[in-house]
Amino acid sequence: MALLPMQIAETLTSNVDAMTDDLVQWRRDFHAHPELGFLEYRTTSIIVQHLREWGYEVLQGKDACLSEERMGLPSSEEDEAAIARAIDEGADADFVHSIAGGHTGTVAILRNGDGPTVGMRFDIDALPLQESSEKGYYPADEGFNSIHASIMHACGHDAHITMGLGVARTMAQMKDSWSGTLKILFQPAEEGVRGAKSMVAAGHVDDVDVMFAQHVWPHDFEESDYAPGSGGALATTKYDVNLKGLAAHASGAPQKGKNTILAACTAVLNLYAISRHSEGATRVSVGKIVAGDTRNIVADHTHFEMEVRGSTTEINEYMEHRARTVIEAAAQMYECDYEIVRMGEAISLDSDPDLMDRIAEAGELVGVRANDPKWVEMTASEDYAFMMKRVQDNGGKASLLLIFTPSKGGLHSVEFTVDEAVLPKGVRVISAAAIAEMPAAH
């Protein structure tokens, strides 16, 4: 017996196809107005407006994310500027001020009788990149490039938000076809893996029986549209490191200085020299260094931004420990003070095989083709892993789908974009998979 009755599958497909123009319009609007993590004020305002129209109970602000579990928060100046810009670009002013201080993100709940609780996560933030404006780049050609300098949706979260709204609308339209409770989490600050842990800490997935998330994935879809599950994502920890030394004249009295650049360079070289682990892959990266004031002053301040990764949570913990040891030793060598600030983290993840099978069967019934094999390795890191682990530890099932899209540039590239044919496919398969887990009472 099919997980999804044919009549329901046909109605779902028809409903989603009918909203395709809306999906494209939403996606282009979000793409043109990207916002960085914990600054997604306009985005959250629009999401909440739609959800309320469709009858969802909405948790927002401090009710959506546990404040003290957020990591890598923007400065108060950045927050104020983002609020002003969001209001100027059409966000509801009263609403935006009610979630000020980086309290973005939303939890939508639709209670529909007895049955399981199905959760979903859609991330909503953008990246600090200057988008391509070259001819042949689809958003530029079609006129919906980012209007914000050095901010763009280079990881496809504009499509994720859109699919989340499409699923929310579809599930509300089809309430007669399922029973149970639906929870949709629109997560802030996935970039830098900063936001999911705060939603988990707030308890939003504690009662979830089945959990879904998805990520667009650069891949030709000639033979398949998506992978029903993924795994192998690296656990990771992100740090900002601040070194404080003592300034001195670089020629007149260099011996009186405490040079943070030397400490930082020693740390960086030895971070890359950390012994690799025999039981799995490891990574280390220092992506940004800012130091000193001018050429003839011993640098008394240096800031650098780094990350470590491991193929398992335990291997990442090994990398964390070694990184902290290296930084401490380098600072002591040059008699500098140091501060290590945790800016983000994620653990390893893996999708449940039996859930992947059910997703594939439901997707086939609504015309979305699963990859063979169903499981595809995800080479990035994902803080959705915290949600997965909480659900799986509580006896539930979880999966991270990869929705394929051809793209000239890869993820986090200034030329990355999402083929708009992906939008209805994603809405169809996720909605079908959810309804298959929440059959209507007879």
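The text below goes through the annotated domain, the pocket, a helix crossing and the backbone.

The model is predicted. An unreviewed UniProt entry carries the annotation "domain: Peptidase M20 dimerisation" for residues 239–331. In the model, that span is 33% helix and 28% strand, and its end C-alpha atoms lie 16 Å apart.

The largest pocket holds about 1,300 Å³ of space. Its lining consists of 43 residues; those nearest the centre are Leu-127, Pro-128, Glu-191, Gly-192 and Glu-305. Sorted by class, the lining has 21 nonpolar, 13 charged and nine polar residues. The elements in the table each supply at least two residues of this lining.

| Element | Residues |
|---|---|
| Helix 4 | 76–88 |
| Strand 5 | 210–218 |
| Strand 8 | 235–244 |
| Strand 9 | 282–291 |
| Strand 10 | 301–310 |

Two packed helices are described by the angle between their axes and the distance between the axes. For helix 11 (residues 353–365) and helix 13 (residues 422–437), the axes come within 8 Å and cross at roughly 115°. The crossing of helix 11 and helix 13 is right-handed. On the helix 11 side, the contact is made by Leu-355, Arg-358, Ile-359, Ala-362 and Gly-363, while helix 13 brings Val-429, Ala-432, Ala-433, Ala-436 and Glu-437. Seven residues of the contact between helix 11 and helix 13 are nonpolar, two are charged and one is polar.

Two backbone details remain. Most residues other than glycine have a negative phi, and most peptide bonds are trans. Phe-38, which is not a glycine, has a positive phi of about 65°. Phe-38 sits in the loop between helix 2 (20–32) and helix 3 (41–53). Asp-372 and Pro-373 are joined by a cis peptide bond, with omega about 10°. Pro-373 belongs to the loop between helix 11 and strand 12 (375–377).

Key:
Residues numbered from 1 in each chain as written. Predicted model: local features only at pLDDT ≥ 70, side-chain atom pairs only at ≥ 80, totals over all residues. Heavy atoms only, no water. UniProt positions renumbered as here; feature names shortened; annotations may be inferred. Helix = DSSP H or I, 4+ residues; strand = E, 2+ residues; numbered from the N terminus. 1 Å grid on protein atoms, 1.4 Å probe; cavity = no way out; pocket = protein on both sides within 12 Å on 5 of 7 lines; lining within 4 Å. Points joined across faces, edges and corners; volume = space filled by probe spheres on them. Nonpolar A, V, L, I, M, F, W, Y, C, P; charged D, E, K, R; others polar. Axes fitted to C-alpha atoms, helices over the stretch in contact; angles between N-to-C directions. Left-handed = near helix turned anticlockwise from the far one by under 90°. Contact = heavy atoms within 4.5 Å.
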